[in-house]
Structure formats: C-alpha cells, structure tokens
Amino acid sequence: MRKSIVILLTGILLAGCASATVQPEQSAAPARSVQHVAEETEPVVQRTYGTLKQKAEEVAEKITSASWEELSSLFQQDQRSAFSAAVLQEKIETAASGPYTIRETDPYVRDDLFGAIVLLDSSSGLLEAVFTVNEAMELNAFACGLRPQQSVEPEETEDWREMLVTVGNAPSLYGILTLPMEEETAPIAILMPEELDDPMNESGSNETFRKDLAHQLAEHGVASVRFDMRLAEDPVITSVFGWRFAQIVSEDFAAIAHSLELYPVDASKIVYIGHGTAGALGYGLVQQHFEITGGLVLINAPFETDGAQLFARAAWLDEETKELVSETLETEDADTSELAGYPVSWWKEWQNMGALRYTRYVAIPILIQQGEADQIVSFKEDYDSWKSQKGSNVTMKSYKDIGHDLRNEDGVFDEQFAEDIADWLNGVDINKKKDTKDTKTTATTAGKR
C-alpha cells in the first residue's frame, strides 16, 4: 500500500515538472508583446545643461567627421529640407575650410531658448556653429561663421604693462588688462565702447580710442580692462538667438565686473567709464552692480529721456522712425513683432536701461566730460541736459576744441581727460586745478538742487 502511494506521488511530481517546462513556452507570446510595446515608447529627453552639452558634442563630432547626412538627421522633420546634408556641408565649408577639431562646446539656456555654441579649429581659423533645439532635443535653428582672429598684442613701458586676459561668459571674450607700476593699489576701470560690435581697442569710428585711453589712464595710476564686445567675436549669434540685451551686453559686463578681484588691482575701487552711448547706459549697469563703487564716468554721452530713444539715436534712425518706436512701445504687447528691424522685446530691454530711470538711485561719484567740438553729441543740448540730473555727487567739465573721439584739431588724443579722471578719483576738484595743457577748458560743477 505504502509503495503504491509513493509510485502515485512520484507520477504526480513528474507530471508537474513536465507542466512547468511547458509553461514558459505558453506565456512567451504575451511577454514578447509587452516588450514590443516598450520599444515603441521612447523616454522624453529633458532639456538640461547636461543634455545640451551632449547635443553640442554630438553636433561637433558630426562636423569633424564630415558626417553631413547624420548632422542633417539631428534636425526636426520640417527643417531637414532646409538643412539637408548638401546645404550644411556648403554652409560650413564656405565659412571655414576643414579639417575641423573641437575646441569648446558651451550650452546656452536663456528664458525660452535652449541651444549651444560650438567652437572648432579649422585651417581658416576658429569656426563657430550656433544652434537651438526643440522640446524633443531636435535642432530647429542653425548658423555658422568664422570668428575674427585675435591680433592685439599686449604692450609695455616703464610706467605700465599689459596682459592678455579672457573675460565674460562662455565662450569667453578676449581682453587686455593695463596695469600701472603700482598695480596692487590702483583703482580699476572698465572701459565700455560706443557701439555693440566694437573690438577691444575701438570705440565708435575710432580704432584706437580705448587703447589710447587705457594707456593715458595708466600713466596716471589707473588700471583698466578693455575687451571685445560680444558681437565683435560672435558673428552669428543674433541670427539664431535673436537680439537680447542680456546676452549681448549685460551678462558679459557682470562676468567682467565679478572677475576683477582675480587681478593685481584694488577691486574695491571699480570705475565704470563709458564713451558715447555706453556712457548713458552706465547708470543702469552700475545700478545693477553694487560692487562698482569707485565711480561712473560719462565721456561725450548723448542725453535721451528714455532708453529706446537712446538706441534709436545710436542706430542713426530718422526722426519718423523714432516716433514710430515711441508710439509702438506705448501700445505693443507682443514681443515677437519687429520694429525698425529689431524685435519689440529688444526695444523694451533698452527702454528699461534708460539712464533717467536710475540717475536718482546712483549715489557713487559721477563725472560727466564733454568735448565742445563734438560733432556727434551736442555740447549745447546734450551736455546742458545732463545738468538737469545734477546732484552733490556729480561733477561736470567740458573741453574746448576737443571732438567726439577725444582728438584735438591736429588729431592728437587729448590726455587731459585721463588726467582729470585720475585726479577726480583722488578727490581733487578738477574745476579748480590748473590744467596741465595750454588748451583752454570751461567747466561746470553740478550742485545739489
């Protein structure tokens, strides 16, 4: 009996094992079906600094390997005809001849824009490729161009020396730091140019304005930093990222101001010196950066009641267009529309930077200098209008026979401006001192109302 039970149990166990070996084959089809569904559902890629960095490196790799078809496949579907392999190859090879090697990849995240800037060395020079991506991390805009070659060399005399520096946000900009002999105790001036695309030595139409001013300041014990403006080095950013004041001006300025403590100067005495339009912008930029305590200097700065009109004047727009700008800003809400070739958002950014919004709040010492022979900024109208913003912290002085670029009738750079800036920083009343040159000057010190 017991033996029969054992035989019966053994038979049941063997049947169970046989059933278990068959079971996976019976459930295999549903398992494959589930796996198939999983393959069709791709995870959503988040637009982060890390994923943008990866995408930038991928774009750079496609360019260096001349994988034009693969580069085209990175674009969103409706852009692939506009950025076909042939089109991309022509764009890139026209901008700079290969071979290409990767130098730098920098993600770009600003408001609603996500993209990157890729820098590649080529046989033609430094190639820049700029792109943006959609929510699926597909490219939806692209431009490339050759960045200007760096040709400025540091100089040195018995009284001062210069060093090449990199400044601003990534990708960084070239700059020159000019240091007087007693450098560690020297105040440091940030030299801002008249136009948004000026290289480091220039301001407006004069190719050596900032260089000459830096050297003259150093002769009188003031250090300075001058640098390429963003648009001088990045020739294609506005075609992809648009016109944005933060990227073109204020972010680089902030990075420069915060980096001055790295150099052998007295970073507790930072001075803003702006020529032309940059002088008027100084009020807004200084008000946003409380580390600038040394002073604010306006050299031949135009006076406008609002920031948008300041840019309209700097862009040499006619009076009819200026009126259109004012009327549009009063009624326009959409930032996507354009006005005189620029988006309305750009005009609003300039409107927000208008000097008169900030003059009452800037309490640091202010010096306003004006050449009486200036043919761009009016000595009578602009200079007199600045007097309306006078306060106990404001000094004003004008210079006879000196033009907009601080040259006299013989084309010689006038050293009196730099000397007066240095004396003013040292607490000297520059309106009462005897000038060191024969040229007659007239001066006004603004008193507090």
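E319 is exposed, with a relative accessibility of 53%. In this predicted model, the side chain of E319 forms a salt bridge with that of K322, at 3.5 Å from N to O. K322, by contrast, is buried, at a relative accessible area of 11%. The structure holds 24 salt bridges, and the points below cover some of them.

- E319 and K322 both belong to helix α11, which spans residues 319–331.
- The two residues are three positions apart, about one turn of the helix.

**Between two strands**
- D121 and R103 meet through their side chains in a salt bridge of 2.6 Å, N to O.
- R103 lies in strand β1 (residues 101–110) and D121 in strand β2 (residues 113–122), so this pair ties together parts that are 18 residues apart in sequence.
- D121 has a relative accessibility of 26% and counts as partly exposed.
- R103 also counts as partly exposed, with a value of 45%.

**Between a helix and a loop**
- A salt bridge of 3.1 Å, N to O, joins the side chains of K433 and E419.
- E419 sits in helix α14 (416–425), while K433 sits in the loop between α14 and β15 (441–444).
- The pair links distant parts of the chain, 14 residues apart.
- Both E419 and K433 are buried, which means that each has under 20% relative accessible area.

**A network**
- Salt bridges also link E128, R147, R230, E233, D234 and D252 in a network.

Key
Residues are numbered from 1 along each chain as its sequence is written. This is a predicted model: local features need pLDDT of at least 70, side-chain atom pairs count only at pLDDT 80 or more; totals for chains, interfaces and linings use all residues. Side-chain values use heavy atoms; hydrogens and water are left out. A salt bridge is a side-chain nitrogen of Lys or Arg within 4 Å of a carboxyl oxygen of Asp or Glu. Helices (H or I, at least four residues) and strands (E, at least two) are DSSP runs, numbered from the N terminus. Buried means under 20% relative accessible area, exposed over 50%, partly exposed in between (1.4 Å probe, protein chains only).
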